[in-house]
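Me: I'd like to go through some side-chain calls and see what backs each label. Could you take them one at a time?

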Amino acid sequence: MASACDSDFEDINTDPNRADGGVFDPNLILPTVSYNYGNMMTGYTGAILFQSMWVQVMASTTTGGANYYSNADKYVASVNTNSYIQSVWNDGYSAASRVFQMQNLAMEKGLTNLNAVGEIWKVLCLSFVSDVYGDIPYSEALMAESGITQPSYDAQEDLYPMMLADLEAAILSLSASNDPIRNDVLYGGDLDQWKKFGYSLMLRIAMRLVDVDPAMAQTYVQKAVTGGVFSSAADEAVLVSDQANGYSNSSANALNVADDVYEVRWSKVLIDYLQSNNDPRLSVIAEIPPAGLAANRNGSVEGNNDPDDQIGMPNGYDLKGGDTDITNEPNYPGPTGSGGDVAPIGGYSRPTAIYRDRNAPVFILTYAEIQLLLADAKVRGFSVPLSAAQYYENGVMGAMTTIGKFGGESVSSSDAQAYIAANPLDMGSTESALKMINEQIWATTGLLANFVESWNNWKRSGYPELTPVNYTGNFSQGQIPRRQVYPASESTTNPGSLADAVSRMGGDTWIIKVWWDQD
(Lines give C-alpha, C1' and ligand atoms only; values in the text may rest on other atoms or scores of the structure.)
Protein backbone atom coordinates (compact mmCIF):
# COMPACT_ATOMS: atom_id res chain seq x y z
CA MET A 1 0.00 0.00 0.00
CA ALA A 2 1.45 3.31 -1.05
CA SER A 3 0.35 6.79 -0.13
CA ALA A 4 -0.97 10.00 -1.55
CA CYS A 5 2.63 11.21 -1.72
CA ASP A 6 3.36 8.65 -4.50
CA SER A 7 5.81 6.56 -2.51
CA ASP A 8 6.73 3.13 -3.89
CA PHE A 9 5.57 0.62 -1.30
CA GLU A 10 7.75 -2.19 -2.63
CA ASP A 11 10.89 -0.11 -2.38
CA ILE A 12 10.35 0.87 1.23
CA ASN A 13 8.47 -2.09 2.68
CA THR A 14 11.60 -4.01 3.71
CA ASP A 15 11.09 -7.00 5.99
CA PRO A 16 12.47 -5.93 9.40
CA ASN A 17 12.79 -9.57 10.49
CA ARG A 18 15.54 -10.07 7.88
CA ALA A 19 17.55 -6.98 8.74
CA ASP A 20 20.87 -7.31 10.55
CA GLY A 21 20.61 -5.99 14.11
CA GLY A 22 23.57 -3.71 13.70
CA VAL A 23 22.14 -1.79 10.76
CA PHE A 24 18.42 -2.19 11.36
CA ASP A 25 16.35 0.98 11.00
CA PRO A 26 13.02 0.80 12.89
CA ASN A 27 11.54 3.17 10.28
CA LEU A 28 11.31 0.04 8.13
CA ILE A 29 8.35 -1.12 10.21
CA LEU A 30 6.20 1.89 9.29
CA PRO A 31 4.85 0.56 5.95
CA THR A 32 3.81 -2.71 7.58
CA VAL A 33 1.89 -0.83 10.28
CA SER A 34 0.20 1.33 7.66
CA TYR A 35 -0.90 -1.65 5.60
CA ASN A 36 -2.04 -3.60 8.67
CA TYR A 37 -4.29 -0.76 9.75
CA GLY A 38 -5.73 -0.26 6.27
CA ASN A 39 -6.40 -3.97 6.03
CA MET A 40 -8.17 -3.97 9.41
CA MET A 41 -10.72 -1.36 8.38
CA THR A 42 -11.61 -2.94 5.03
CA GLY A 43 -12.82 -6.14 3.40
CA TYR A 44 -13.68 -9.44 5.04
CA THR A 45 -11.97 -8.37 8.25
CA GLY A 46 -15.42 -7.29 9.31
CA ALA A 47 -16.34 -3.93 7.86
CA ILE A 48 -17.96 -5.17 4.68
CA LEU A 49 -19.45 -8.26 6.35
CA PHE A 50 -20.91 -6.38 9.31
CA GLN A 51 -21.04 -2.60 9.45
CA SER A 52 -21.60 -1.86 5.73
CA MET A 53 -25.15 -3.19 5.98
CA TRP A 54 -25.81 -2.73 9.69
CA VAL A 55 -25.77 0.99 8.98
CA GLN A 56 -27.67 0.45 5.70
CA VAL A 57 -25.12 1.84 3.29
CA MET A 58 -25.26 -1.45 1.40
CA ALA A 59 -27.72 -4.32 1.14
CA SER A 60 -27.78 -7.95 -0.01
CA THR A 61 -30.28 -10.77 -0.45
CA THR A 62 -27.44 -12.98 0.91
CA THR A 63 -28.51 -15.96 -1.17
CA GLY A 64 -26.25 -18.45 -2.90
CA GLY A 65 -22.47 -18.16 -2.73
CA ALA A 66 -22.50 -14.83 -0.84
CA ASN A 67 -24.56 -16.09 2.09
CA TYR A 68 -21.93 -14.69 4.47
CA TYR A 69 -23.56 -11.27 4.04
CA SER A 70 -26.38 -12.50 6.29
CA ASN A 71 -24.20 -11.21 9.15
CA ALA A 72 -24.54 -7.71 7.73
CA ASP A 73 -27.90 -7.39 6.05
CA LYS A 74 -29.98 -9.53 8.42
CA TYR A 75 -27.87 -9.86 11.58
CA VAL A 76 -27.98 -13.64 11.10
CA ALA A 77 -24.88 -15.73 11.76
CA SER A 78 -23.19 -17.56 8.89
CA VAL A 79 -20.82 -20.50 9.06
CA ASN A 80 -17.75 -18.32 9.68
CA THR A 81 -19.21 -15.62 11.91
CA ASN A 82 -16.94 -16.53 14.84
CA SER A 83 -13.94 -16.02 12.59
CA TYR A 84 -15.21 -12.65 11.38
CA ILE A 85 -15.85 -11.55 14.97
CA GLN A 86 -12.21 -11.89 15.99
CA SER A 87 -10.60 -10.35 12.90
CA VAL A 88 -10.59 -6.72 14.06
CA TRP A 89 -9.33 -7.76 17.51
CA ASN A 90 -6.50 -9.87 16.12
CA ASP A 91 -5.52 -7.42 13.41
CA GLY A 92 -5.71 -4.42 15.73
CA TYR A 93 -3.45 -5.93 18.35
CA SER A 94 -1.12 -7.32 15.71
CA ALA A 95 -0.70 -3.83 14.27
CA ALA A 96 -0.30 -2.32 17.74
CA SER A 97 2.31 -4.95 18.57
CA ARG A 98 4.29 -3.95 15.50
CA VAL A 99 4.03 -0.34 16.60
CA PHE A 100 5.27 -1.27 20.09
CA GLN A 101 8.24 -3.09 18.55
CA MET A 102 9.02 -0.06 16.42
CA GLN A 103 8.76 2.32 19.36
CA ASN A 104 11.08 0.26 21.55
CA LEU A 105 13.70 0.13 18.83
CA ALA A 106 13.22 3.82 18.10
CA MET A 107 13.84 4.82 21.69
CA GLU A 108 16.95 2.64 21.85
CA LYS A 109 18.30 4.72 18.98
CA GLY A 110 16.99 8.07 20.24
CA LEU A 111 14.45 8.42 17.42
CA THR A 112 11.91 10.50 19.32
CA ASN A 113 9.91 11.56 16.27
CA LEU A 114 9.50 7.97 15.13
CA ASN A 115 8.38 7.05 18.64
CA ALA A 116 5.78 9.84 18.52
CA VAL A 117 4.47 8.74 15.13
CA GLY A 118 4.26 5.25 16.57
CA GLU A 119 2.16 6.57 19.45
CA ILE A 120 -0.26 8.16 16.98
CA TRP A 121 -0.55 4.83 15.18
CA LYS A 122 -1.09 3.00 18.47
CA VAL A 123 -3.94 5.29 19.48
CA LEU A 124 -5.45 5.02 16.01
CA CYS A 125 -5.33 1.21 16.04
CA LEU A 126 -6.61 0.62 19.56
CA SER A 127 -9.31 3.31 19.45
CA PHE A 128 -10.63 1.47 16.39
CA VAL A 129 -10.66 -1.81 18.33
CA SER A 130 -12.36 -0.20 21.32
CA ASP A 131 -15.05 1.43 19.19
CA VAL A 132 -15.91 -2.00 17.80
CA TYR A 133 -15.86 -4.03 21.04
CA GLY A 134 -15.97 -1.68 24.05
CA ASP A 135 -13.58 -2.14 26.97
CA ILE A 136 -10.18 -3.45 25.85
CA PRO A 137 -6.65 -3.91 27.19
CA TYR A 138 -4.66 -0.69 26.77
CA SER A 139 -2.65 0.36 29.82
CA GLU A 140 -1.33 -3.22 30.28
CA ALA A 141 -1.48 -4.24 26.62
CA LEU A 142 1.59 -5.34 24.63
CA MET A 143 3.57 -6.07 27.80
CA ALA A 144 4.06 -9.83 27.54
CA GLU A 145 7.85 -9.40 27.64
CA SER A 146 7.40 -7.67 30.99
CA GLY A 147 5.42 -10.63 32.31
CA ILE A 148 1.88 -9.31 31.76
CA THR A 149 0.30 -12.03 29.65
CA GLN A 150 -3.27 -11.51 30.84
CA PRO A 151 -3.73 -7.73 30.73
CA SER A 152 -6.67 -6.06 32.38
CA TYR A 153 -9.33 -4.47 30.21
CA ASP A 154 -9.55 -0.71 30.61
CA ALA A 155 -13.07 0.67 30.93
CA GLN A 156 -13.81 3.07 28.09
CA GLU A 157 -14.42 5.91 30.54
CA ASP A 158 -10.77 5.47 31.63
CA LEU A 159 -9.43 4.50 28.23
CA TYR A 160 -10.55 7.55 26.29
CA PRO A 161 -8.84 10.10 28.55
CA MET A 162 -5.68 7.97 28.41
CA MET A 163 -5.73 7.81 24.62
CA LEU A 164 -6.34 11.55 24.28
CA ALA A 165 -3.51 12.33 26.71
CA ASP A 166 -1.14 9.93 24.94
CA LEU A 167 -2.06 11.43 21.58
CA GLU A 168 -1.49 14.98 22.80
CA ALA A 169 1.90 14.09 24.28
CA ALA A 170 2.95 12.42 21.04
CA ILE A 171 1.99 15.40 18.89
CA LEU A 172 3.73 17.87 21.17
CA SER A 173 6.94 15.83 21.09
CA LEU A 174 7.26 16.02 17.29
CA SER A 175 10.08 18.40 16.40
CA ALA A 176 11.89 19.29 13.19
CA SER A 177 15.14 19.35 15.18
CA ASN A 178 14.84 15.64 15.94
CA ASP A 179 15.10 12.55 13.72
CA PRO A 180 13.59 12.52 10.23
CA ILE A 181 10.78 10.05 9.54
CA ARG A 182 11.73 7.65 6.76
CA ASN A 183 9.80 4.94 4.91
CA ASP A 184 6.59 6.84 5.62
CA VAL A 185 3.94 5.74 3.11
CA LEU A 186 1.32 8.09 4.55
CA TYR A 187 2.98 11.53 4.66
CA GLY A 188 6.48 11.06 3.30
CA GLY A 189 8.06 12.12 6.59
CA ASP A 190 6.31 15.51 6.69
CA LEU A 191 6.06 16.29 10.42
CA ASP A 192 3.61 19.13 9.89
CA GLN A 193 1.26 16.70 8.19
CA TRP A 194 1.65 14.23 11.04
CA LYS A 195 0.72 16.97 13.49
CA LYS A 196 -2.41 17.79 11.48
CA PHE A 197 -3.31 14.11 11.35
CA GLY A 198 -2.74 13.75 15.09
CA TYR A 199 -4.91 16.73 15.94
CA SER A 200 -7.60 15.59 13.48
CA LEU A 201 -7.64 12.18 15.12
CA MET A 202 -7.87 13.93 18.49
CA LEU A 203 -10.93 15.79 17.28
CA ARG A 204 -12.68 12.63 16.10
CA ILE A 205 -11.97 10.80 19.35
CA ALA A 206 -13.08 13.80 21.40
CA MET A 207 -16.36 14.02 19.52
CA ARG A 208 -17.19 10.46 20.61
CA LEU A 209 -17.59 11.90 24.11
CA VAL A 210 -20.21 14.60 23.44
CA ASP A 211 -22.97 12.73 25.27
CA VAL A 212 -20.97 11.22 28.14
CA ASP A 213 -18.37 13.87 28.96
CA PRO A 214 -19.12 17.06 27.04
CA ALA A 215 -16.58 19.06 29.05
CA MET A 216 -13.73 16.75 28.09
CA ALA A 217 -15.02 16.63 24.53
CA GLN A 218 -14.95 20.41 24.28
CA THR A 219 -11.51 20.66 25.89
CA TYR A 220 -9.92 18.33 23.37
CA VAL A 221 -11.85 19.70 20.40
CA GLN A 222 -10.46 23.13 21.22
CA LYS A 223 -6.94 21.72 21.66
CA ALA A 224 -7.24 20.05 18.26
CA VAL A 225 -8.46 23.21 16.54
CA THR A 226 -5.76 25.32 18.20
CA GLY A 227 -3.08 22.82 17.26
CA GLY A 228 -4.24 22.65 13.66
CA VAL A 229 -6.49 20.03 12.04
CA PHE A 230 -6.77 19.25 8.32
CA SER A 231 -7.21 22.48 6.36
CA SER A 232 -7.89 20.96 2.94
CA ALA A 233 -8.39 17.64 1.19
CA ALA A 234 -4.63 17.64 0.50
CA ASP A 235 -4.01 16.98 4.22
CA GLU A 236 -6.21 13.93 4.69
CA ALA A 237 -4.91 10.48 5.60
CA VAL A 238 -5.37 8.35 2.49
CA LEU A 239 -3.47 5.16 1.71
CA VAL A 240 -3.30 4.17 -1.94
CA SER A 241 -3.06 0.44 -2.53
CA ASP A 242 -0.37 -1.30 -4.55
CA GLN A 243 -1.74 -4.48 -6.08
CA ALA A 244 1.33 -5.20 -8.19
CA ASN A 245 3.40 -5.69 -5.05
CA GLY A 246 0.84 -7.60 -3.01
CA TYR A 247 -0.83 -4.72 -1.17
CA SER A 248 -4.26 -4.59 -2.76
CA ASN A 249 -7.37 -2.98 -1.32
CA SER A 250 -9.14 -5.63 0.78
CA SER A 251 -12.64 -4.33 0.09
CA ALA A 252 -11.92 -4.45 -3.64
CA ASN A 253 -10.68 -8.00 -3.23
CA ALA A 254 -14.03 -8.92 -1.71
CA LEU A 255 -16.10 -7.04 -4.27
CA ASN A 256 -14.30 -8.80 -7.12
CA VAL A 257 -15.60 -12.21 -6.03
CA ALA A 258 -18.29 -13.09 -8.58
CA ASP A 259 -20.92 -13.81 -5.91
CA ASP A 260 -20.16 -10.49 -4.24
CA VAL A 261 -20.30 -8.60 -7.53
CA TYR A 262 -23.84 -9.87 -7.90
CA GLU A 263 -25.05 -9.83 -4.30
CA VAL A 264 -23.69 -6.55 -2.91
CA ARG A 265 -25.88 -3.55 -3.78
CA TRP A 266 -26.31 -0.02 -2.54
CA SER A 267 -29.17 0.23 -0.07
CA LYS A 268 -32.49 1.88 -0.71
CA VAL A 269 -31.79 4.21 2.22
CA LEU A 270 -28.58 5.49 0.66
CA ILE A 271 -29.80 5.80 -2.94
CA ASP A 272 -32.99 7.55 -1.82
CA TYR A 273 -30.90 9.98 0.23
CA LEU A 274 -28.62 10.83 -2.68
CA GLN A 275 -31.49 11.18 -5.15
CA SER A 276 -33.56 13.36 -2.83
CA ASN A 277 -30.76 15.93 -2.75
CA ASN A 278 -29.63 15.55 -6.38
CA ASP A 279 -26.22 14.56 -5.03
CA PRO A 280 -23.65 14.68 -7.87
CA ARG A 281 -21.73 11.77 -6.36
CA LEU A 282 -24.50 9.36 -7.37
CA SER A 283 -23.33 8.93 -10.96
CA VAL A 284 -19.79 8.33 -9.70
CA ILE A 285 -20.65 5.55 -7.27
CA ALA A 286 -23.68 3.65 -8.61
CA GLU A 287 -24.71 1.78 -11.73
CA ILE A 288 -27.45 -0.57 -12.91
CA PRO A 289 -25.68 -3.54 -14.51
CA PRO A 290 -26.55 -4.65 -18.04
CA ALA A 291 -29.42 -7.15 -18.14
CA GLY A 292 -28.90 -10.78 -17.25
CA LEU A 293 -27.14 -12.83 -14.61
CA ALA A 294 -23.88 -13.15 -16.53
CA ALA A 295 -23.45 -9.38 -16.78
CA ASN A 296 -24.51 -8.94 -13.16
CA ARG A 297 -21.77 -11.32 -12.03
CA ASN A 298 -19.15 -9.63 -14.20
CA GLY A 299 -17.50 -6.68 -12.49
CA SER A 300 -15.70 -5.67 -15.65
CA VAL A 301 -18.91 -4.81 -17.48
CA GLU A 302 -19.89 -1.17 -17.21
CA GLY A 303 -23.47 -0.39 -16.26
CA ASN A 304 -25.87 2.54 -16.49
CA ASN A 305 -24.89 5.30 -14.06
CA ASP A 306 -27.73 7.73 -14.88
CA PRO A 307 -28.74 9.11 -11.44
CA ASP A 308 -32.44 9.03 -12.28
CA ASP A 309 -32.32 5.30 -13.04
CA GLN A 310 -30.68 4.17 -9.81
CA ILE A 311 -32.69 1.96 -7.45
CA GLY A 312 -31.43 1.02 -4.00
CA MET A 313 -32.08 -2.42 -2.55
CA PRO A 314 -34.13 -2.52 0.67
CA ASN A 315 -32.39 -4.32 3.52
CA GLY A 316 -33.70 -7.52 5.02
CA TYR A 317 -34.86 -9.46 1.97
CA ASP A 318 -33.78 -12.78 0.43
CA LEU A 319 -34.46 -14.96 -2.61
CA LYS A 320 -35.90 -17.96 -0.78
CA GLY A 321 -39.49 -17.81 -1.99
CA GLY A 322 -41.11 -16.91 1.34
CA ASP A 323 -42.57 -13.73 2.79
CA THR A 324 -39.15 -12.06 2.84
CA ASP A 325 -38.39 -12.88 -0.78
CA ILE A 326 -37.47 -9.61 -2.44
CA THR A 327 -39.87 -10.26 -5.30
CA ASN A 328 -42.64 -9.66 -2.75
CA GLU A 329 -41.33 -6.20 -1.85
CA PRO A 330 -43.92 -3.62 -3.02
CA ASN A 331 -41.43 -1.63 -5.11
CA TYR A 332 -39.54 -4.59 -6.57
CA PRO A 333 -38.32 -3.46 -10.02
CA GLY A 334 -38.46 -6.95 -11.52
CA PRO A 335 -35.68 -9.18 -12.85
CA THR A 336 -33.43 -8.40 -15.78
CA GLY A 337 -32.45 -10.72 -18.60
CA SER A 338 -34.39 -13.59 -20.12
CA GLY A 339 -34.43 -17.34 -20.59
CA GLY A 340 -31.59 -18.98 -18.69
CA ASP A 341 -29.82 -15.68 -18.10
CA VAL A 342 -32.07 -13.97 -15.55
CA ALA A 343 -30.87 -11.79 -12.65
CA PRO A 344 -33.64 -11.46 -10.03
CA ILE A 345 -31.87 -8.51 -8.38
CA GLY A 346 -30.39 -7.09 -11.56
CA GLY A 347 -32.56 -3.96 -11.43
CA TYR A 348 -30.85 -2.68 -8.27
CA SER A 349 -27.82 -0.37 -8.16
CA ARG A 350 -24.43 -1.86 -7.50
CA PRO A 351 -21.12 -0.11 -6.76
CA THR A 352 -19.28 1.10 -9.83
CA ALA A 353 -15.86 -0.18 -10.89
CA ILE A 354 -14.00 2.24 -8.60
CA TYR A 355 -14.90 -0.02 -5.67
CA ARG A 356 -13.54 -3.10 -7.47
CA ASP A 357 -10.20 -1.47 -8.24
CA ARG A 358 -7.59 -3.32 -6.21
CA ASN A 359 -5.46 -0.18 -6.35
CA ALA A 360 -8.26 1.88 -4.80
CA PRO A 361 -7.26 4.04 -1.83
CA VAL A 362 -8.18 3.41 1.79
CA PHE A 363 -9.61 6.51 3.45
CA ILE A 364 -8.41 6.58 7.06
CA LEU A 365 -9.52 10.11 7.98
CA THR A 366 -10.65 12.88 5.62
CA TYR A 367 -10.91 16.63 5.57
CA ALA A 368 -14.66 16.28 4.89
CA GLU A 369 -15.20 14.25 8.05
CA ILE A 370 -13.24 16.72 10.18
CA GLN A 371 -15.12 19.75 8.85
CA LEU A 372 -18.48 18.05 9.38
CA LEU A 373 -17.51 17.10 12.93
CA LEU A 374 -16.59 20.73 13.55
CA ALA A 375 -20.02 21.74 12.25
CA ASP A 376 -21.53 19.30 14.75
CA ALA A 377 -19.35 20.76 17.52
CA LYS A 378 -20.41 24.32 16.68
CA VAL A 379 -24.10 23.40 16.75
CA ARG A 380 -23.54 21.91 20.22
CA GLY A 381 -22.10 25.21 21.43
CA PHE A 382 -18.41 24.36 21.37
CA SER A 383 -16.04 27.28 20.94
CA VAL A 384 -14.68 26.79 17.42
CA PRO A 385 -13.86 29.65 15.04
CA LEU A 386 -16.22 29.31 12.06
CA SER A 387 -19.99 29.06 11.79
CA ALA A 388 -21.66 25.65 11.58
CA ALA A 389 -22.88 26.56 8.10
CA GLN A 390 -19.34 27.31 6.92
CA TYR A 391 -17.92 24.10 8.38
CA TYR A 392 -20.77 22.19 6.75
CA GLU A 393 -20.07 23.79 3.37
CA ASN A 394 -16.36 23.02 3.73
CA GLY A 395 -17.16 19.42 4.60
CA VAL A 396 -19.48 18.90 1.65
CA MET A 397 -17.00 20.45 -0.77
CA GLY A 398 -14.31 18.23 0.70
CA ALA A 399 -16.49 15.16 0.24
CA MET A 400 -17.10 16.05 -3.41
CA THR A 401 -13.36 16.49 -3.93
CA THR A 402 -12.27 13.32 -2.16
CA ILE A 403 -14.61 10.98 -4.04
CA GLY A 404 -12.42 11.72 -7.06
CA LYS A 405 -9.42 10.15 -5.32
CA PHE A 406 -10.80 6.72 -6.20
CA GLY A 407 -9.47 7.43 -9.68
CA GLY A 408 -12.74 7.09 -11.57
CA GLU A 409 -15.18 9.83 -12.40
CA SER A 410 -15.13 12.96 -10.26
CA VAL A 411 -17.51 15.73 -9.28
CA SER A 412 -16.84 19.04 -11.00
CA SER A 413 -16.36 22.16 -8.91
CA SER A 414 -19.42 23.76 -10.50
CA ASP A 415 -21.62 20.75 -9.69
CA ALA A 416 -20.32 20.70 -6.13
CA GLN A 417 -21.00 24.43 -5.69
CA ALA A 418 -24.50 24.04 -7.14
CA TYR A 419 -25.22 21.20 -4.71
CA ILE A 420 -24.00 23.27 -1.77
CA ALA A 421 -26.08 26.27 -2.84
CA ALA A 422 -29.18 24.12 -3.14
CA ASN A 423 -28.63 22.32 0.17
CA PRO A 424 -27.46 24.80 2.83
CA LEU A 425 -27.31 23.68 6.43
CA ASP A 426 -30.74 23.82 8.06
CA MET A 427 -30.22 25.91 11.21
CA GLY A 428 -33.92 26.03 12.05
CA SER A 429 -33.23 24.00 15.19
CA THR A 430 -30.36 22.18 16.85
CA GLU A 431 -31.79 18.83 15.87
CA SER A 432 -32.40 19.78 12.24
CA ALA A 433 -28.79 20.91 11.96
CA LEU A 434 -27.38 17.82 13.69
CA LYS A 435 -29.54 15.59 11.51
CA MET A 436 -28.28 17.16 8.31
CA ILE A 437 -24.64 17.17 9.40
CA ASN A 438 -24.58 13.58 10.57
CA GLU A 439 -26.52 12.22 7.63
CA GLN A 440 -23.81 13.79 5.49
CA ILE A 441 -21.10 12.11 7.61
CA TRP A 442 -22.91 8.78 7.18
CA ALA A 443 -23.15 9.16 3.41
CA THR A 444 -19.63 10.51 2.98
CA THR A 445 -17.86 7.85 5.06
CA GLY A 446 -20.06 5.16 3.51
CA LEU A 447 -19.30 6.22 -0.04
CA LEU A 448 -15.60 6.23 0.86
CA ALA A 449 -16.01 2.63 2.07
CA ASN A 450 -15.17 3.55 5.68
CA PHE A 451 -18.13 1.54 6.91
CA VAL A 452 -17.01 1.22 10.52
CA GLU A 453 -16.86 4.99 10.84
CA SER A 454 -20.32 5.33 9.27
CA TRP A 455 -21.57 2.97 11.96
CA ASN A 456 -19.63 4.62 14.80
CA ASN A 457 -20.94 8.06 13.94
CA TRP A 458 -24.48 6.68 13.65
CA LYS A 459 -24.09 5.28 17.19
CA ARG A 460 -22.79 8.63 18.41
CA SER A 461 -25.35 10.87 16.74
CA GLY A 462 -28.42 8.72 16.07
CA TYR A 463 -28.47 9.84 12.42
CA PRO A 464 -29.65 8.78 9.98
CA GLU A 465 -32.75 7.36 11.62
CA LEU A 466 -32.72 3.74 10.50
CA THR A 467 -35.37 1.02 10.69
CA PRO A 468 -33.81 -2.22 11.94
CA VAL A 469 -34.24 -5.50 10.11
CA ASN A 470 -35.97 -8.22 12.15
CA TYR A 471 -35.17 -11.34 10.17
CA THR A 472 -35.89 -14.79 11.60
CA GLY A 473 -32.98 -16.17 13.62
CA ASN A 474 -31.09 -12.90 14.04
CA PHE A 475 -28.47 -12.56 16.77
CA SER A 476 -29.43 -9.05 17.96
CA GLN A 477 -33.10 -9.30 18.93
CA GLY A 478 -34.15 -7.44 15.81
CA GLN A 479 -31.98 -4.43 16.64
CA ILE A 480 -29.08 -2.95 14.69
CA PRO A 481 -25.94 -4.28 16.42
CA ARG A 482 -24.12 -1.71 18.55
CA ARG A 483 -20.87 -3.66 18.94
CA GLN A 484 -19.16 -6.91 18.04
CA VAL A 485 -18.98 -9.54 20.74
CA TYR A 486 -15.55 -10.41 22.11
CA PRO A 487 -13.54 -13.13 20.33
CA ALA A 488 -14.08 -16.59 21.80
CA SER A 489 -10.32 -16.97 22.15
CA GLU A 490 -10.27 -14.37 24.95
CA SER A 491 -12.23 -16.72 27.21
CA THR A 492 -9.28 -19.09 27.02
CA THR A 493 -6.29 -16.77 26.92
CA ASN A 494 -7.49 -14.04 29.30
CA PRO A 495 -10.63 -15.31 31.06
CA GLY A 496 -10.41 -13.30 34.27
CA SER A 497 -9.95 -9.93 32.64
CA LEU A 498 -12.62 -10.73 30.07
CA ALA A 499 -15.09 -11.66 32.78
CA ASP A 500 -14.42 -8.38 34.60
CA ALA A 501 -15.02 -6.40 31.43
CA VAL A 502 -18.21 -8.26 30.56
CA SER A 503 -19.56 -7.73 34.06
CA ARG A 504 -18.71 -4.03 33.96
CA MET A 505 -20.29 -3.54 30.54
CA GLY A 506 -23.47 -5.41 31.48
CA GLY A 507 -22.96 -8.38 29.18
CA ASP A 508 -21.31 -9.51 25.98
CA THR A 509 -24.02 -9.23 23.36
CA TRP A 510 -24.38 -7.49 20.02
CA ILE A 511 -26.74 -4.89 21.45
CA ILE A 512 -24.91 -3.84 24.62
CA LYS A 513 -23.87 -0.22 24.11
CA VAL A 514 -20.28 0.84 24.61
CA TRP A 515 -19.75 3.62 27.16
CA TRP A 516 -19.83 6.58 24.77
CA ASP A 517 -22.82 5.27 22.78
CA GLN A 518 -25.71 7.04 24.48
CA ASP A 519 -27.93 7.93 21.53
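This is a predicted model: local features need pLDDT of at least 70, side-chain atom pairs count only at pLDDT 80 or more; totals for chains, interfaces and linings use all residues.

Me: Why is glutamate 287 called buried?

Reply: Its relative accessibility is 4%. Buried means under 20% relative accessible area, exposed over 50%, and partly exposed in between (1.4 Å probe, protein chains only), so glutamate 287 counts as buried.

Me: What makes the link between the side chains of glutamate 287 and arginine 350 a polar contact?

Reply: The distance is 2.8 Å. A polar contact is a pair of N or O atoms within 3.5 Å; within protein, one must be able to donate a hydrogen and the other to accept it, and residues adjacent in sequence count only if both atoms are side-chain atoms. Arginine 356 also has a side-chain polar contact with glutamate 287, at 3.4 Å.

Me: How do you know that arginine 208 and aspartate 131 form a salt bridge?

Reply: Their closest N and O atoms are 3.0 Å apart, and the rule asks for a side-chain nitrogen of Lys or Arg within 4 Å of a carboxyl oxygen of Asp or Glu, so the pair qualifies. Arginine 208 sits in the loop between helix H8 (191-207) and helix H9 (214-227), and aspartate 131 in helix H6 (residues 112-133), so this bridge ties together parts 77 residues apart in sequence. Both partners are buried.

Me: What does the salt bridge between arginine 208 and glutamate 453 tie together?

Reply: That one, 2.9 Å from N to O, links the loop between H8 and H9 to helix H19 (residues 451-461), so the parts it joins are 245 residues apart in sequence. Glutamate 453 is buried too.

Me: And lysine 435, why is it called partly exposed?

Reply: Lysine 435 has 33% relative accessibility, so it counts as partly exposed. Its salt-bridge partner, at 2.9 Å (N to O), is glutamate 439, which is buried with a relative accessible area of 13%. Both lie in helix H18 (residues 430-447), 4 residues apart, about one turn of the helix.

Terms used
Residues are numbered from 1 along each chain as its sequence is written. Side-chain values use heavy atoms; hydrogens and water are left out. Helices (H or I, at least four residues) and strands (E, at least two) are DSSP runs, numbered from the N terminus.
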